[in-house]
Structures are given as structure tokens and as C-alpha cells.
Amino acid sequence: MTGLADLAGVGVDRRGGFTRHGFSGVDLELRQWFAEEARRRGLDVETDRNGNMWAWWGPPGESAVVTGSHLDSVPGGGAFDGPLGVVAALQAVDLLQGRGFTPVKPFAVVVFVEEEGGRFGSGCLGSRLLTGALDADAARRLTDPDGVSLAEAARAAGVDPTRLGRDGDALRRIGVFVELHVEQGRGLVDLGAPVGVASSILAHGRWRFRFTGEGNHAGATLMGDRRDPMLAAAATVLAARRAAVDNTRATIGRLIPTPGGTNVIPSRVDLWLDARAHDTRRTRDLVAAIAEAAGRAAADEGCAVEVTEEYYGDPVTFDAGLRDRLVDTLGGVPVLPTGAGHDAGVLAAHVPTAMLFVRNPTGVSHAPEEFAEEADCAEGARALADVLAELAR
Ligand code: HGY
Ligand code: MN
Ligand code: MN
């Protein structure tokens with residue numbers, strides 16, 4: 001897809017894949033690309049108080065038909081998670097304009113900021129600020145690994161941090177939201193279909209486990225004299241694996257020792273748990289079991305542990321009427337759940353929301369190997385155009 005090719009050189013991570021974080025220099029390049037692409041199509045671009053970008057086809061208005069996704073990525077992420085939804089939205093505008101279609105309802109393409117939470121740790125940052133799901137003061141205090149606050153980063157990107165917060169005007173403008181996304185899983189592959197419609201999203205959240213012990217010398221400290229937080233952290237990683245049963249999911253992809261020297265017993269180890277399940281109770285039970293194991297492991301090593309919830313999203317069931325209307329418009333396509341969170345999942349609590357998925361041949365995502373065939377991406381853009389025409393007429 002041409003749009004994705006435009007972005008192939010933006011935010012390339014030397015470890016593989018892409019690292020594109022919100023309000024970063026890379027994000028600025030992505031924003032400039034989106035604004036140029038939108039203006040080339042005669043769309044009027046504005047940035048809302050939370051840094052989300054809106055490209056309006058015709059005058060902004062309430063009850064708009066809105067589509068779009070995000071451009072940021074996880075560290076070392078793939079090329080499709082997020083950008084495919086934005087590129088497909090722009091291509092859907094091309095298709096509709098090519099058909100001589102003019103939306104009767106207000107119509108916008110949106111790019112939400114920092115959906116992955118890769119920089120500030122809080123997922124769906126832009127959409128949760130917009131809906132009020134994330135408190136503005138708490139957001140302003142978020143910091144990245146270098147200690148830069150969201151307020152500082154937003155200001156550097158031209159977004160006034162004092163205005164971050166619930167945006168009732170923007171929310172009222174959304175009549176319906178449809179997000180196209182590369183499937184993160186093998187549902188469509190196994191069904192042999194290029195496009196599908198989402199039914200639901202797992203409950204999911206992120207918790208920081210901070211283990212503190214006693215920093216010391218790797219050679220001069222006998223094993224029996226240590227209070228090594230790395231051992232408690234390691235035991236917790238294994239406990240998370242054991243606790244994740246009955247289709248619940250526990251992942252620890254990020255673990256940071258302080259100070260992090262090869263010949264240094266760390267004084268502190270931070271790890272982050274991503275936990276997911278079909279409902280809130282099972283998600284919180286999973287986290288509680290892992291936290292209990294962490295407490296035991298810390299005590300065994302003469303260490304302490306502090307667990308902090310950094311983000312939580314309830315399970316989502318998409319609007320059944322809208323879901324079925326999309327399936328009908330597309331002549332009957334599969335309906336399938338997802339284990340991945342999305343801005344659409346945040347908006348679903350406020351406005352009728354739906355998602356379209358594009359087949360991912362391997363199902364792999366959040367990795368450089370993430371992929372979707374050109375033909376399936378084009379099929380997705382056509383499906384999105386058909387759905388938007390149906391909704392905007
Ligand atoms: O983490 C997720 O599920 C999404 O990709 N942000
Ligand atoms: Mn993602
Ligand atoms: Mn995504």
C-alpha cells in the first residue's frame with residue numbers, strides 16, 4: 001500500500017521493526033505525512049486539545065462518520081498495527097471521491113496519539129484523554145523512561161498541556177466510529193477470509209512490579225548475604241506463566257534492573273505485567289495471584305515489592321446493530337474477537353463503534369514480522385469505503 005511505503009523509513013528501529021512513540025520527533029514526521037496526505041485529498045486538518053489529529057471531509061459537525069486509527073508503535077513494532085487503519089481510511093476517501101460520492105453527514109479521518117502507550121506507559125492515551133477515561137492531571141504527570149513528562153513532551157509537540165482532558169465537543173462530533181486494523185491473530189487465516197468484523201476485545205491492563213533489595217558487589221557478596229531483587233523478579237516471571245490458565249494471558253516483556261551493571265547486584269528491579277482475560281474478575285484474579293506470588297518471592301529474598309496499576313481497560317463488546325450492519329453491507333464476512341486493545345475499544349463506551357480486520361497471514365503482531373498481503377489490504381480499503389458510504393449517506 002503506497003501510504004505504508006511512504007512510512008517505511010520513519011522510525012526504523014536498528015533492532016528491527018519500528019519504534020514510533022507519541023509526541024516524539026518521529027511522531028512529528030508521521031503527523032506531517034498525515035496532514036499532507038489529508039490536504040492532498042481536500043480534507044481540512046486540525047489537532048484537538050489532546051493532540052489527536054482530525055481530517056474533515058467537508059465542514060466539521062456533530063454526529064459525524066469517523067474512521068481512522070493510530071500511527072505510533074510498540075518498540076520494534078511492525079509496519080501495519082495502526083498505520084494500516086490510517087492508510088486504508090485515506091484510500092477509502094480516494095475510492096469514495098473516485099465514485100463521485102459526497103458524504104451527507106460530517107465525515108472525518110482521525111489519528112489518535114500514543115495508542116500503544118509505548119512512551120508514557122498508558123495505552124490509548126489520546127482516546128482515553130478525549131473521553132475522560134484518563135484523568136488529565138494524572139496524564140500530565142506521566143513520564144517516559146528518560147524522565148520527560150507528558151506535559152513537557154506535549155508542549156514540545158505544540159500541544160498545550162494545560163488543555164489536556166475530556167473533550168466533550170470532539171466526543172459529540174463522533175456519531176459513529178469505524179477502525180480498520182490488521183488482525184493480530186490467525187482468525188481470518190483459519191477462516192480463509194481477507195476481511196472480518198470485530199465482536200469483542202479482552203479486558204486488559206498493565207501493572208508495574210517494583211522489587212527493592214540491596215545493591216552490592218557481584219564478587220564480594222556471598223550468596224547467603226544477598227537481598228537480590230532480581231531473584232524475586234525472576235520468580236514472579238515464572239509465577240505469571242503458571243498463573244495464566246483458562247485462556248487468560250500474562251506477559252512480562254519489559255524488565256529493568258537498577259543500575260543494570262553486569263558485576264552489580266541490582267538495588268531495584270522493575271517489571272511490567274500485561275494481563276488479559278475475558279472479563280474483569282478473571283483479569284484481576286490473575287493479577288492478584290501473580291502479586292501474591294511476587295510478595296512471597298520478595299519475602300524469601302529479603303526484598304520488598306510494590307505493585308502499581310498503570311492502565312486498565314474493561315472488556316468490550318462492540319455495538320451489535322452496527323456490527324451486523326457492517327456484516328450485511330459487506331455481504332457476510334466473519335465476525336471474530338480480538339485479544340488486542342484499540343482506540344475503538346475506548347470509544348465503544350461512548351458512541352456506536354465497530355472494527356474491520358484485515359487478514360494477517362501469520363497472525364504475528366507487535367514484531368517486525370507483522371504482515372498483510374497487498375491484495376488483502378486493498379480489499380480492506382474497499383470494504384471500509386463501502387461501509388463508510390453506507391453510514392455517511
Ligand atoms: O496492547 C494492545 O493490545 C494494543 O496493541 N495497544
Ligand atoms: Mn498494537
Ligand atoms: Mn493498534
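Leaving aside its neighbours within four places in sequence, which residues is Thr221 in contact with? Here are a few friendly notes to read alongside this predicted model.

1. Let's take the opening question. Beyond those sequence neighbours, Thr221 is in contact with Asn216, Arg226 and Ile265. You will find Thr221 in the loop that joins β8 (216-217) to α9 (229-243).

2. Is Thr221 buried or exposed? Its relative accessible area is 8%, and buried means under 20%, so Thr221 counts as buried. Its side chain also reaches the backbone oxygen of His217, at 2.6 Å.

3. Now look at the manganese ion (ligand 3). Its protein donors are His70 through NE2, Asp81 through OD and His181 through NE2, and they lie 2.1 to 2.2 Å from the ion. Along the chain, these donors follow the spacing H-x10-D-x99-H. His70 sits in strand β3 (residues 64-70) and His181 in strand β5 (residues 174-182), so this pair ties together parts that are 111 residues apart in sequence. Both histidines, His70 and His181, are buried.

4. How far apart are the manganese ion (ligand 3) and the manganese ion (ligand 2)? They are 3.6 Å apart, and Asp81 coordinates both.

5. Finally, a word on cysteines. The structure holds 0 disulfides. Cys303 counts as buried because its relative accessibility is 13%, and Cys377 counts as buried because its value is 2%.

Key:
Residues are numbered from 1 along each chain as its sequence is written. Chains are lettered from A and ligands numbered from 1 in the order in which they are written. This is a predicted model: local features need pLDDT of at least 70, side-chain atom pairs count only at pLDDT 80 or more; totals for chains, interfaces and linings use all residues. Side-chain values use heavy atoms; hydrogens and water are left out. A disulfide is a pair of cysteine sulfur atoms within 2.5 Å. Buried means under 20% relative accessible area, exposed over 50%, partly exposed in between (1.4 Å probe, protein chains only). Helices (H or I, at least four residues) and strands (E, at least two) are DSSP runs, numbered from the N terminus. A polar contact is a pair of N or O atoms within 3.5 Å; within protein, one must be able to donate a hydrogen and the other to accept it, and residues adjacent in sequence count only if both atoms are side-chain atoms. Contact means heavy atoms within 4.5 Å. Donors are N, O and S atoms within 2.8 Å of the metal (3.2 Å for Na, K and Ca); water is not among the atoms, so sites may look incomplete.
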